[in-house]
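Here are a few notes from my pass through the model, written to be read with the viewer open.

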Amino acid sequence: MKLTENWKLRDFHVGEARDLEVASPDFIDYFWMTTTVPGDIHTTLREKGIIEDPFFGHQDQKCRWVEEKVWWYRTVFSFDADLEPGEKMELKFEGLDTFATIYLNGVELGSTDNMFISHSFDVTRELNKGKNTLAVKFDPVHVHAGDKIQYYWSGFSKKRIWTRKAQSHFGWDWGPRLVCAGIWKDVYLMKRRHAHIDSVFARTTSIQDQVGVVDVDLCAHAFDRGASYSARVELLEGAESVAEANVPLDRFGGVMVDGAITARTLHNSVTLKVADPKLWWTHDLGTPFLYHLRVTLFADGEQIDTYEQPFGIRTIELMQRDEEGRHAFTFVLNGVKVFAKGANWIPIDSFIATVPDSRYTHLLQMAKDANMNMMRAWGGGIYERDIFFDECDRLGILVWQDFMFACALYPDYNRNFMNNVHREIEQIVKRLRSRTCLALWCGNNENDWLYEALYSSGEITHPFYGEKIYHELMPAVLEQLDPTRTFWPSSPFGGNDHNSRDVGDTHNWQVWHGNNEPRHFGEPQTQDYSVEGISFKRFKTDFTKFASEFGMHAASNRYTLAKNMPDNQFYWGSDEMKYRNKDVHYPKGILLMEGYTGVPKDIDEYIQFSMLTQAEGLRYGIEHYRRNKPDTSGALFWQFNDCWPGTSWSVIDYYGLPKASYHYARKFFAPVLLSVDHDPNQPLRLWAVNDRREAYQDQVELILYLMDGTVVFQREFDVFVEENGKVNFATLPEVEVLQQHNPRDVVAVLRSKNRVTEDYVFYLRDHKYMDYQPAHIQVSVDEAKGLICLLSDRVARMVMIELDAPWVVMDDNFFDLIPGEEKIVRVQHVDAEGLPWETLRVTAMNDAGLQDFGIKEMS
């Protein structure tokens, strides 16, 4: 029984009201506001008009009072069932954010202090037949953390280190401070009969001789000592069982005590063997085939509980030494080395509770469409809801899972804090360990690296608080609960400097942040804030084993920015534009653009220049990393999504509108990548990289065009690349390719004649040095079919198609048009809503003017 109805909400000053009085069934809440569960307080207040939209302008500052108040939720529900012998009732909160006290019919059931885990209470005796009153009180963070030690290092906020909630709620360098509270996940009233399934751990232990071996560990909590318990474990393909077994749960694992809930822990294991198994692959290597795992619990032959989930047969390991014994950091799936292509995932919204599952489905489909095969769930947000893992399982996307510790020292000397963390780790590991997509557990984000660097710089003088969590507690718990996956203590980690390029994974913040690297233990971390110091050209010096973070800013789309700023502030350089950017050292964005596009003069150029610089910068770095395979085995850029409508490293903005770099990603992450490694006045080195499990054979042509479309150079190459391989198939002197033309006047295209992969368009000089000609773009539209047809008389640089609506999907955008080559773009709305065609705007960085184009209907 979900308890989602009739919830009410009201605020109190700290100490204003007696808790038992407010929790009492007799308390009059007639004048309280209604609210939604699951949900959060800010969203309710915004819906009621009590606070203004925190995302618009500076209005987040107007609602800072929300986090200072005590908030009470109340609801009344009916319970009319009669309980039989052997039955108990349990009240379960999937998620409470964060310092909550729960009352049922005026009885205090207990308090919580962890947003990330579920909380259960035995309410068998406290339930009334008929009307019941459930009340939940939320204390502000400062009541519990205000008197704690807060003088040691913690980025963005000091109180957050004591608070097991989303660390980014306190603000980050890509999002505002909005300290949420509320019942953020579902609330259930559940009937337990004799026992229930506590956890299931299913994993593939081997795939040999056309047999997949799946081991399943079962754990049940039984409160009826007199019953005999067993389970049936089935692996299904559709309705047909491919393997099944019955197992008695007769191994006693001690007593589980959780508040008023006491139960015996019973467990056992079973091995299933599947003949000719269909394997789960990432979508770029094969089909992510999923069986269906079903576990049924019986007490004295009576079915009392069921557990179900999709399950893929696959092996996954992290290879840390290659065949020659050299350091490596390579994920191996079903025996095949994987080049990890993807991004870092941050919380989907500042107000996570109210986001529909459909947004997860859409964003992860976008990740797959951009040829990403791995997401890193970053350690300053949340352990994502089930839909995230459901979709990654279904779509064939691996998950690098951080634990939620980021950019801070954490009080590992405090017993209460450590007990809280221990419970969190145990529950999260049990919840996620059977997920097929889960590839790695990681202890934290940047804590080991930043502590050592800042300690060496003299900025930190304290011990490494938190070290016991990542280097003692986590490995011990994982050794017991999930020994099948690699545990990586931190990201980055390894070598002489935890951000060493020689061992482990790295975060390349030479680009954008200007870090001077390599450095070694004991040396200070320094920065070079100059055009050269933050340039994306520095990617080419990075021969990391695995790049798990790197990136640069770009503006959100015009629609997203304009919707969230006052009209009189919608200009480049306004205070509101600066407020969209939560990073420090604002000149970094200017310096980055200055190095490639030049400095923008107005808002139009800022949107164009920042998007192009981000897109070309990510392409430059990722093509370099991919050409360095297998020594480099992964590139996860920072970051995939946004939690609010701001300026950040994301490639998809808050309203689901891709930036230029998203469409670039589809091309530079393609399983077959054609690319050109070139520096001015140096030879053009033509490369093909093949990540597939089959060889790539093709005819590839290199064509050089003048801006009017005249071909000045053309050559074909026979290309063969073995499976999971690469080849530098040609090296051409620049002077030979240019045929005496100025490099400022030409564009080159590397093309698969068999259309195995998309065209690779590149320029021989940086954007600011190019001599584009004014382009006239013809645009025609078929609204009924959602098609836009484009044709240009000159090379059109970064054609941008805009519609004034959120969640618009285009199969391509931010592309270059070659004269005489027609381009058709398919457009639709995520929710199949109508599109505002009257707002259609098509521009290029060198178009003949930013005027309306007099759009014609497509014939």
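In which helix does threonine 613 lie? Threonine 613 belongs to helix α12, residues 603-627; helices (H or I, at least four residues) and strands (E, at least two) are DSSP runs, numbered from the N terminus.

Before the points, some ground rules. This is a predicted model, in which local features need pLDDT of at least 70 and side-chain atom pairs count only at pLDDT 80 or more, while totals for chains, interfaces and linings use all residues. Residues are numbered from 1 along each chain as its sequence is written, and side-chain values use heavy atoms, with hydrogens and water left out.

1. Threonine 613 counts as buried because its relative accessibility is 1%; buried means under 20% relative accessible area, exposed over 50% and partly exposed in between (1.4 Å probe, protein chains only). Leaving aside neighbours within four places in sequence, threonine 613 is in contact with Phe536, Met552, Leu592, Met593, Tyr596 and Thr597, where contact means heavy atoms within 4.5 Å. A polar atom of the threonine 613 side chain also lies 2.7 Å from the backbone oxygen of phenylalanine 609.

2. The structure has 12 cavities of 30 Å³ or more. For a cavity, a 1 Å grid is laid over the protein atoms alone, and the cavity is a set of points where a 1.4 Å probe fits but cannot get out; lining residues have an atom within 4 Å of a point. Grid points are joined across faces, edges and corners, and a volume is the space filled by probe spheres set on the points.

3. The largest cavity has a volume of about 370 Å³. Of its 22 lining residues, Glu616, Arg619, Tyr620, His678 and Tyr763 lie nearest the centre. Helix α12 returns here: it gives the largest share of the lining, six residues, and β33 (672-677) and β39 (760-762) each supply at least two. By class, the lining has nine nonpolar, two polar and 11 charged residues; Ala, Val, Leu, Ile, Met, Phe, Trp, Tyr, Cys and Pro count as nonpolar, Asp, Glu, Lys and Arg as charged, and the others, Gly among them, as polar.

4. Why does the largest cavity lie between domain 3 and domain 4? Domain 3 (322-669) and domain 4 (673-769) both give residues to its lining, so the cavity lies between them. The domain bounds come from an automatic or database domain assignment.

5. The second largest cavity has a volume of about 170 Å³. Its lining holds 17 residues, with Asn557, Leu657, Ile801, Met810 and Asn813 nearest the centre. Two or more lining residues come from each of α9 (558-563), β42 (796-802) and β43 (808-810). The lining divides into 11 nonpolar, three polar and three charged residues. This cavity lies between domain 3 (322-669) and domain 5 (777-843), because both give residues to the lining.

6. Please look at helix α13 (residues 660-668) too, where eight of the nine residues are buried.

7. Not counting residues up to four places away in sequence, arginine 666 touches Asp369, Ala370, Asn371, Glu758, Asp811 and Asp812.

Methods:
A polar contact is a pair of N or O atoms within 3.5 Å; within protein, one must be able to donate a hydrogen and the other to accept it, and residues adjacent in sequence count only if both atoms are side-chain atoms. On a 1 Å grid over the protein atoms alone, a cavity is a set of points where a 1.4 Å probe fits but cannot get out, and a pocket is an open set with protein on both sides within 12 Å along at least five of seven lines; lining residues have an atom within 4 Å of a point.
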